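The following note sets out numbered points on the model shown below. Please read each point against the coordinates.

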Amino acid sequence: MPRTSPSLYRPRGVVSWAADLIWPPRSLLSEAIVDRPGAIEPGLWSELRFLDAPWCGRCGFPLPSDEGLDAVCAACAARAPAYDTARAALAYDDHARRLVLDLKRGGRRDGLGVFARWMASAGREALARADFLAPAPMHWTRLAVRSFNQAAWLAQELSRSAGKPWRPGALVRVKRRKSQAGLSASERRRNVGGAIRASARFEGKIIVVVDDVFTTGATLEACARALRKAGAAEVHGLTLARVVRPTDILS
Ligand SMILES: [Zn+2]
């Protein structure tokens, strides 16, 4: 397990307690009042679908049986990804969707600490080897509208939790992409291809790219190509959630 920063467990300050009197902490998955920010009531907690081995040694897709670390899914066997491994904490179902949308559209930050702990566990092997973490980049025009990049929030929190540095500017998006919604895997690859560049040389570095959701892997693929071109030795992806569809095995 990665080293966990004691700062995550620091006693809560007077300001935080005072804020709770006005806005008591709510569950990340419902309107229920909980004892601390970032908590989830047990009934809904037990419904979260955490991902773990056995999974594809490359993309992290759940596999039906444990066939060893080198086992890969049919999609990766047909077309090896540019990244070394991809891991995610949760399957992207209705609960995970709510967590992700509250983070990315609502700018809700009280789950970041717990998300980082889940992600640190799912990506422990890659994090142990990593030189630094790099958030998946957002185009500046989108950043100007939204004012934050949720991937950067996750990378920053994970950096504290895993005790590894993070480099927010390592990857840049040079082309604003169209929305990925409704696009197939190959359309997504085309949409995002060439849109992401590395901002410097990263000769021999082992880099973990952090994002909120792995959908088809097109964004991670583009990040990995850019970082490899910049000299990276290994590129791993780590996300809060991952789309898991049976058709992924066949596509
Ligand atoms: Zn795979």
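Predicted model: local features only at pLDDT ≥ 70, side-chain atom pairs only at ≥ 80, totals over all residues.

1. Arg 201 is placed in the loop between strand S4 (196-198) and S5; helices (H or I, at least four residues) and strands (E, at least two) are DSSP runs, numbered from the N terminus. The residue counts as exposed because 11 other C-beta atoms lie within 10 Å. The classes are as follows: buried means 20 or more other C-beta atoms within 10 Å of the residue's own, exposed means 12 or fewer, and partly exposed lies in between, with C-beta atoms placed from the backbone. Apart from neighbours within four places in sequence, Arg 201 is in contact with Ala 230 and Gly 231, where contact requires C-beta atoms, placed from the backbone, within 7 Å.

2. Residues are numbered from 1 along each chain as its sequence is written.

3. An open sheet of four strands is arranged in the order S1-S6-S5-S2 with parallel pairing; two strands pair if DSSP finds at least two bridges between them. Strand S1 (85-91) and S2 form the edges, each pairing on one side only. Direction ignored, neighbouring strands of this sheet are turned by 25° against each other on average.

4. The parallel pairing of S1 with S6 extends over six bridges. Thr 85 has His 236 as its bridge partner in S6, and Leu 90 has Ala 241. Six of the seven residues of S1 are buried, so this strand is largely enclosed by the rest of the structure.

5. Which strands does H8 touch as it packs on the sheet? They are S2, S5 and S6, and the direction of H8 makes about 130° with that of S5. Helix H10 (residues 218-229) lies across S1, S5 and S6 and runs at about 160° to S5. Axes here are lines fitted to C-alpha atoms, for helices over the stretch in contact, and angles run from 0 to 180 degrees between N-to-C directions.

6. The length of helix H8 (residues 150-162) is consistent with its residue count: at 1.5 Å a residue its 13 residues should span 18 Å, and its end C-alpha atoms are 18 Å apart. The expected span is 1.5 Å times one less than the number of residues. H8 is mostly covered, with 11 of its 13 residues buried; among them are Trp 153, Leu 154 and Glu 157. Just after H8, Gly 163 adopts a positive phi of about 70°.

7. The largest nonpolar core contains 64 residues, and Met 119, Leu 154, Val 210, Cys 223 and Leu 240 have the most contacts inside it. Helix H5 (residues 112-122) supplies the largest share of this core, eight residues. Such a core is a set of buried Ala, Val, Leu, Ile, Met, Phe, Trp, Tyr and Cys residues joined through C-beta atoms within 7 Å. Beyond four places in sequence, the contacts of Met 119 are Ala 89, Leu 154, Leu 158, Leu 238 and Leu 240.

8. Ser 121 is also found in helix H5, yet it counts as partly exposed because it has 16 C-beta neighbours inside 10 Å.

9. A cis peptide bond, with omega about 5°, joins Ala 53 and Pro 54. Pro 54 lies in the loop between helix H2 (42-45) and helix H3 (74-78).

Notes:
Contact = placed C-beta atoms within 7 Å.
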